[in-house]
Amino acid sequence: MLGLPMPDGKPILRAYSVTSPSWDEELEFFSIKVPDGPLTSRLQKIKSGDELILGKKPTGTLVLDALTPGKRLYMFSTGTGFAPFASLIRDPETYEKFEEVIVTHTCRELDELQYSQQMIENLSQDPLIGELVGGRLKYFSSTTRCDSKYVGRITHFIETGLLYEHIDTPALNPKSDRVMICGSNEMIADTKVLIEKAGLTEGANNRPAEYVIEKAFAG
Ligand code: A2P
C-alpha cells in the first residue's frame with residue numbers, strides 16, 4: 001500500500017505494484033495520473049522531503065515460486081499491469097529460472113507504452129543486469145485505440161497465433177512455457193481462457209503450476 005497523510009488525519013492509501021527489482025536500494029512505482037483522483041492528483045506533485053506512507057507487508061501472486069520449472073516465461077500485461085513485470089524483468093532470478101522471457105504490453109494509446117518501451121530499450125545497457133538479459137528478453141507491444149505497428153488486444157494476438165509469429169517463438173506449450181497475467185478483470189478472464197485452452201493450469205504459492213494471475217491496480 002502506498003499513500004499520503006491528509007490534514008484530517010485519515011490517510012489516503014492505494015495498492016501499488018513495486019516496479020523496482022528486489023535487489024534495488026530504491027523503491028519505484030508506476031502510476032497513472034487521474035486529474036481529480038484523490039491520491040494521484042496529489043501524488044504527482046510530491047517533492048523531495050515530503051512524507052509518504054508505505055505498507056510494511058507486500059502481497060501478491062505474481063511470484064516465480066508459484067510456477068513450476070519451465071523453459072520460457074510469458075508475462076502478459078495491459079495498462080498499469082506492466083508494473084510487476086518491470087520488477088521481474090530486472091531480477092536476475094528470472095533469468096536463472098528461465099532461458100527465455102517474453103513480456104507483452106497492450107494499451108489504448110501509444111504514449112501509454114512509453115514506460116515499458118523505454119525500460120526494455122535501456123535494459124541491455126544496464127550495468128547490473130544487461131549482460132544477463134542478453135538476447136533472452138523479447139518484448140511485444142500493441143495499441144487498441146490508435147494506430148501503431150501492432151493494433152489489437154493481446155487476446156487477439158494469442159488466439160490468432162500472430163503473437164508467436166511476430167516474436168518468432170513456438171506457440172504456448174504446457175511442457176515448456178509458464179505464464180503470468182496482469183491487467184483488468186476482463187482482460188485476465190479472457191486471457192485465462194486462452195491459456196487454459198493451451199493446456200496450462202493455474203498455480204499458487206502453496207501449489208505451483210503453469211500460470212498465475214494478478215489484477216492490475218488502479219494506480
Ligand atoms: P480496448 O481498448 O479494446 O478496451 P483499460 O485501460 O480499460 O484497462 O485497458 C487497457 C488495455 O486492455 C486496452 O488496450 C484494452 O483494449 C485492453 N483490454 C480491455 N479489456 C480486455 C479484454 N477483455 N481482453 C484483452 N484486452 C483487454
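Where is the place of Val18? Val18 sits in the loop between β2 (12–14) and α1 (40–43), and helices and strands here are DSSP runs, H or I of at least four residues for helices and E of at least two for strands, numbered from the N terminus.

Quick housekeeping before I go on. This is a predicted model, where local features need pLDDT of at least 70 and side-chain atom pairs count only at pLDDT 80 or more, while totals for chains, interfaces and linings use all residues. Residues are numbered from 1 along each chain as its sequence is written, and side-chain values use heavy atoms, with hydrogens and water left out.

OK, back to Val18. At 34% relative accessibility, Val18 counts as partly exposed; for that scale, buried is under 20% relative accessible area, exposed is over 50%, and partly exposed is in between, with a 1.4 Å probe and protein chains only. Together with Leu27 and Leu54, Val18 makes a nonpolar surface patch of about 250 Å². Patches take residues with over 30% relative accessible area and no salt bridge, joining like charges within 9 Å and nonpolar side chains (Val, Leu, Ile, Met, Phe, Trp, Tyr) within 5 Å.

A side-chain N or O atom of Thr144 is 2.7 Å from a ligand oxygen. On the nitrogen side, a ligand nitrogen is 2.8 Å from a side-chain N or O atom of Asp190. The protein covers 81% of the 550 Å² of accessible area that the ligand has on its own, with areas from Shrake-Rupley and a 1.4 Å probe, and for residues only the protein chains shown counting as cover.

On to charges. How many salt bridges does the structure hold? Eight, each being a side-chain nitrogen of Lys or Arg within 4 Å of a carboxyl oxygen of Asp or Glu. Arg72 pairs with Glu100 at 3.0 Å, N to O, linking strand β4 (residues 72–78) to strand β5 across 28 residues. Both Arg72 and Glu100 are buried. Arg72 also bridges to Asp177, again with the closest N and O atoms 3.0 Å apart. Arg72 is in strand β4 and Asp177 in strand β7, so this pair ties together parts 105 residues apart in sequence. Arg72, Glu100, Lys138 and Asp177 are linked in a network of salt bridges.

Last one: Glu93 and Lys97 form a salt bridge at 3.1 Å. Both lie in helix α3 (residues 92–97), four residues apart, about one turn of the helix.

Notes
A polar contact is a pair of N or O atoms within 3.5 Å; within protein, one must be able to donate a hydrogen and the other to accept it, and residues adjacent in sequence count only if both atoms are side-chain atoms.
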